[in-house]
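User: Please walk me through this structure step by step, starting with a single pair of residues.

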Amino acid sequence: MTEREHLAQACRQLLDRGLVVRTWGNISVRLDEERMLISPSGLPYEALRPQDFVEVRITDGSWSGDRKPSSERNLHAAVYRSRPEVASVVHTHQTFASALAATRIPEFPVDGAARGILGDVVPCAAYAMPTTKALARSVAAVAGATSARAILLANHGAVCVGDGIDDAIAVAEALETFAAEQTAASVDTVGAAPPTTATQPPESTTTTERHTGLTAAAARLAARGILCDSHHLAVRTAGGFITAGDATDKPDGSLPVAELDPFFAELFAQRSDIHAALVSRSPYASLAARRGRPIPPYLDDAAQLVGLRLHVAPPPLRPAIAKHPAVLVPAVGIVSVASSLYELEAVAIVCEKLAVAAAVVDAVRSRARIPWYEALLMRLVYARSYGKLAAEADDE
Ligand SMILES: [Zn+2]
């Protein structure tokens, strides 16, 4: 297997294990002292082919060829320069590691068996905006000063390194398990939530061909613990809406009214711009809804997709849901809406991660925040670039 084939296979592994979503995250392998191969910018992981990976110079981040390399290439290059023994670098926005990173705690000591793969501590690099050279410098400073194999990026995600591609992925998986345990230990009101790396088989269905996109999305969101009931995910139809539950378990066409159907009916009537909606009642979404306080963007991707605040929408729902991609609804959960099922899935995953981060940040009483003007800038850039991309990748 060539390095390119190995990288393509690794991307599918990262996707299958829930460590990366859509185009977020990147992976590279060192070719020699001066060159690395890295995943391209803006291509979804499921579609990556060996020829899509881009050769980049470690010395200065320059590249040649048709494909644009990942926008975090400077971060990867900086890690290789500061750690000559590192052969592969993985950068992810994995849920529990990102939630720990939102606390900006400088380092987490590692105990027990995890020490063998993660080392003695998991340090956290100082905050800088994504894709900037300041972020690359911040990560390289921590990487160069320690022998850490997993480094948290404040309010952003994680960087894991290894002796090879498989080793770096194994570090990322071990980090997620470690971070999920740390989270469960500090947020004892919720108990342990399943880590995102625990993949579950999709529900067996009697789906009609018409709604395969809906049932596939429902299975993916259920595997992440975000969708607790298939009747809590709905898409607009010509005559109203259909839930993933309706699409799978009523082959005879009878549709008894489910608990949230009146809620969805009102939502789709209010928002003519939305195509898909989801109510999450995961343990962390329920905790956030019970607390009933707005959540600031503790993570870069929450700033991008949700904006400057995950607002609380007290009943009646009408005023608050009118302009936001997601809101906390007391006694209901986190409600996400989007113009496509593709975008909805991303919003829901980011909201779940934000709810976990909020629980951990509250538990350790951290005051760390992304500066509001940087959060606003990220929101505007996202709306202009990825928002357009998502609209083009529409589904059902
Ligand atoms: Zn990132």
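**Strands, helices and confidence**

User: Which residue in E7 is the bridge partner of Ala125?
Analyst: Residues are numbered from 1 along each chain as its sequence is written. This is a predicted model, in which local features need pLDDT of at least 70 and side-chain atom pairs count only at pLDDT 80 or more, while totals for chains, interfaces and linings use all residues. Strand E6 (residues 121-125) and strand E7 (residues 150-153) run parallel and are joined by two bridges. In E7, the partner of Ala125 is Leu153.

User: How are helices and strands picked out, and how many of each does the protein chain have?
Analyst: They are DSSP runs numbered from the N terminus: helices (H or I) have at least four residues and strands (E) at least two. Counted along the protein chain, there are 15 helices and 14 strands.

User: How many of the residues of E4 are buried?
Analyst: A residue is buried if 20 or more other C-beta atoms lie within 10 Å of its own, exposed if 12 or fewer, and partly exposed in between, with C-beta atoms placed from the backbone. Ser88, Val90 and Thr92 on one side of E4, and Val89 and His91 on the other, are all buried. That makes the count for E4 five of five.

User: Which residue in E8 does His91 stand opposite?
Analyst: E4 runs antiparallel to E1, with four bridges, and His91 is the partner of Asn26. E4 also runs antiparallel to E8, with five bridges. In E8, His91 stands opposite Val159.

User: Which are the edge strands of the six-stranded sheet?
Analyst: This open sheet has mixed pairing and the order E10-E9-E11-E14-E13-E12. Those pairing on one side only are E10 (240-243) and E12 (311-312).

User: How is H7 oriented relative to H13?
Analyst: The axes of helix H7 (residues 212-223) and helix H13 (residues 341-363) come within 11 Å and cross at roughly 10 degrees. Angles under 35 degrees count as roughly parallel, over 145 as roughly antiparallel, 65 to 115 as roughly perpendicular and the rest as oblique. The relation of H7 to H13 is therefore roughly parallel.

User: What is the average pLDDT of the protein chain?
Analyst: pLDDT is the predictor's confidence in each residue, from 0 to 100. It stays under 50 over residues 190-207 and over residues 391-396. Where pLDDT is low, the predicted coordinates should not be read in detail. In the protein chain, 87% of the residues score at least 70, and the average is 87.

How values were computed. Axes fitted to C-alpha atoms, helices over the stretch in contact; angles between N-to-C directions. Contact = placed C-beta atoms within 7 Å. Pairing = 2+ DSSP bridges.
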